[in-house]
Amino acid sequence: MTLPPDLWRAGAAQLTSAIRSRELSAREAVEAQLARIEAVNPRLKAVTVVLAEEALAAAAEADEAIARGEETGPLHGLPCTIKENIEVAGTATTNGVPALAEAYAERDAPAVERLREAGAIVIGRINLPDLGMRWHTASSLRGVTRNPWDAGRTAGGSSGGEAAALASGMTPLGLGNDYGGSLRYPSQCCGTAALKPGYGRIATTPREGWPEPTPTGDLFTVTGPMARHIADLRLAFAVLAAPDPRDPRLAPAPPEDPAGELPRVTFATDPGGLGVDERVAAGVRRAADALADAGYPVEEGEPPLLREAAEVWGRLADAELRSAGQALLDPLSDEARRFIELTTWAAPEPSLGGYLEAHMERLRCARVWSEWFGSGRLLLGPVSTAQPFEVGHDVAGRDEALGVRRSMRLTLAANLLGLPSVALPAGVDGGLPQGVQLIGPRYREDLCLAAARAIEDRLGVITPIEPREAARADG
């Protein structure tokens, strides 16, 4: 596996292979990423804290272990970055707000522990919007993360910092989380890849001293890897999908099932029939053609109750956020507060009966989708049916804010139902990356990853890039 001349362009699997074979030292890998952060992060504001001293010390230990001939893990010496709402011991879990600027963690989150046990080296923390509650990464503590493709467009949220760092070469592997598209939407905006695992696949725990998650926090939220290459997501998932006694929800399913026939793929360019940008639709069709070329049986259609599933996600999420009352809004910036007011606070006042009814409807949707997937089907569609919005669009008014939510109806359905999904690019159009996602049955992340690899093999990897001020019309 040949390394590129600029090491920051290499993927995670490339780097780990080179370190294992002694073609490259862990120190060289870490130094390359630190230099890239220094070069481009002042423009993008994706990395919030650089852990240079600790990372270089860990790299020295990694190189010494190889020199001694010790057995090493699958991520040995690999630099990685972690979103600032995931615990990394000795650093602050800020959630993007000043009120938590000094909330230092004493212990790594389970996923961070898995990465370190596999040999990964944490080189920095990554930006997110206030409390992760927006599809645009603007933090009242850390500032606004810029999209490397077009500084006037959103980098997505809430893992927008991670996607921007990957797209610009500041890291080969990142760790984020997803309640309503927070892994996949930034990947669409920045032209990178992400795995949203299904429910119970990667361990998570609440922060020390914090309450247990709400029902939607439990059912919708997952932690997952972000990268530029599908092989890197697969490598990370094999590490992260490990038992942990701190999370009783984990499913005892292997990361991969034995190979069988290729599943049939149903693709939807305009899921739910509410409208789609033609460039987004074209990206979905390119991905469908790539899968057909790879031998997958491909047909156009969509699952039943798709619009209903997205609507139920909104009813449940809004009800729980409204129940938090003013205490939820207090830590937020004026702009973040406005976004919540335009979406959640504009919804009807929830009732207990309505909340319980929505949970019952969630189960009905899950049952219908499970029957539709059967044992051998994948769903291909957009992450968002719209292009990355211009900065400020999501807080311009209620129609605009709800329009952003509506554009992610397929994405929200996957969260509602706890299904695995892989997001990846499907080319560049109008100077912006176009993204798609593959959604699979429960516990079949492997099917999603295999199909995503088939698309990537035919359509290519489009990042890292040099940051741009504006999109180029030539695509």
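**Cavities and sheet**

A: By class, 2 nonpolar, 3 polar and 1 charged residues make up the lining of the second largest cavity (Ala, Val, Leu, Ile, Met, Phe, Trp, Tyr, Cys and Pro count as nonpolar, Asp, Glu, Lys and Arg as charged, and the others, Gly among them, as polar). This is a predicted model, in which local features need pLDDT of at least 70, side-chain atom pairs count only at pLDDT 80 or more, and totals for chains, interfaces and linings use all residues. Residues are numbered from 1 along each chain as its sequence is written, and side-chain values use heavy atoms, with hydrogens and water left out.

Q: Which residues line the second largest cavity?
A: Its lining consists of Thr16, Ile19, Arg20, Ile66, Thr72 and His76, where a cavity is a set of points on a 1 Å grid over the protein atoms alone at which a 1.4 Å probe fits but cannot get out, and lining residues have an atom within 4 Å of a point.

Q: And how much space lies in the largest cavity?
A: About 70 Å³, the volume being the space filled by probe spheres set on grid points joined across faces, edges and corners. It has 13 lining residues, and Gly200, Ile202, Thr221, Val222 and Arg249 are the closest to its centre.

Q: Switching to strands, what does aspartate 178 stand opposite?
A: Aspartate 178 faces valine 222 in β8; β6 (residues 173–178) and β8 (residues 222–227) pair in the antiparallel sense over 6 bridges, with strands (E, at least two residues) taken as DSSP runs numbered from the N terminus and pairing requiring at least two DSSP bridges.

Terms used:
1 Å grid on protein atoms, 1.4 Å probe; cavity = no way out; pocket = protein on both sides within 12 Å on 5 of 7 lines; lining within 4 Å. Helix = DSSP H or I, 4+ residues; strand = E, 2+ residues; numbered from the N terminus.
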